[in-house]
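I opened my notebook for a friendly walk through this one. Here is what I looked up, entry by entry.

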Amino acid sequence: IGYRHTGIICRDIKKSLYFYKNILGLKVVQNMLDKSDYINKITGIKNGKVKFIKLKMNSGEILELLTYPTHKTKLPKLPIYNSGIAHIALQVKDIEKTYVKLKKKGVKFISKPTLSSEKFAKVCFCLDPNKVRVELVEILF
């Protein structure tokens, strides 16, 4: 019936929180540590703890940052064309202004703002602290 949220496993949840909250402007709506039987049952891990922070976008969607303090997180080195989730896309008002602002804050970009082949959007890619590809999109009309 609708989209709920996207979860990102973080190596350093503090850096990720800073990126999504302070740089991209999302709002924290929940911050908790869960070590319950429930979390172990649904994730299939044993004796696990999960720290998660839910952030809300202006449009209402939720981005969930997670870390597993009891289980070591590894960063995969996957090409963009690999099977599975390759990136998240966030809509922005002014991509040129956003690009300059984020570059000044040290955000690493894969590409500069570029007009889409359909000519209805400008798009660029940057990386979050976990090397998750974040697509920034400005819809032109």
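Which residues does Thr-98 touch, not counting residues up to four places away in sequence? I found Val-92 and Leu-136, where contact means heavy atoms within 4.5 Å.

Before going on, I noted that this is a predicted model, in which local features need pLDDT of at least 70, side-chain atom pairs count only at pLDDT 80 or more, and totals for chains, interfaces and linings use all residues. Residues are numbered from 1 along each chain as its sequence is written, and side-chain values use heavy atoms, with hydrogens and water left out.

**Entry: Thr-98.** I placed Thr-98 in helix 3 (residues 95-104); helices (H or I, at least four residues) and strands (E, at least two) are DSSP runs, numbered from the N terminus. Thr-98 is buried because its relative accessible area is 19%, and buried means under 20%, exposed over 50%, partly exposed in between (1.4 Å probe, protein chains only).

**Entry: salt bridges.** How many salt bridges does a search of the whole structure find? I got two, taking a salt bridge as a side-chain nitrogen of Lys or Arg within 4 Å of a carboxyl oxygen of Asp or Glu.

I looked at Lys-54 and Glu-64, whose closest N and O atoms are 3.9 Å apart. This pair links distant parts of the chain, with Lys-54 in strand 3 (residues 50-56) and Glu-64 in strand 4, ten residues apart. Lys-54 counts as buried at 14% relative accessibility, and Glu-64 is buried at 10%.

I then turned to Lys-122 and Glu-96, which form a salt bridge with closest N and O atoms 2.8 Å apart. Lys-122 lies in strand 7 and Glu-96 in helix 3, so the pair ties together parts 26 residues apart in sequence. I logged Lys-122 as partly exposed at 24% relative accessibility, and Glu-96 as partly exposed at 36%.

**Entry: surface charge.** Which residues gather in a patch of positive charge on the surface? I listed Arg-11, Lys-72, Lys-74, Lys-77, Lys-108 and Lys-131. Patch members have over 30% relative accessible area and no salt bridge, and like charges are joined within 9 Å.

I checked two of these. Lys-72 sits in the loop between strand 4 (62-67) and strand 5 (87-91) and counts as exposed at 75% relative accessibility. Lys-131 is in the loop between strand 7 (121-127) and strand 8 (133-139), and Lys-131 is exposed, with a relative accessible area of 58%.

Last, I took a distance: Lys-72 and Leu-24 are 48 residues apart in sequence and 27 Å apart in space, C-alpha to C-alpha.

Notes: Patches are made of residues with over 30% relative accessible area and no salt bridge: like charges are joined within 9 Å, nonpolar side chains (Val, Leu, Ile, Met, Phe, Trp, Tyr) within 5 Å. Accessible areas come from the Shrake-Rupley method with a 1.4 Å probe; for residues, only the protein chains shown count as cover. Lys and Arg count as positive and Asp and Glu as negative; His and the chain ends are not counted. The place of a charge is taken as NZ of Lys, CZ of Arg, CG of Asp or CD of Glu.
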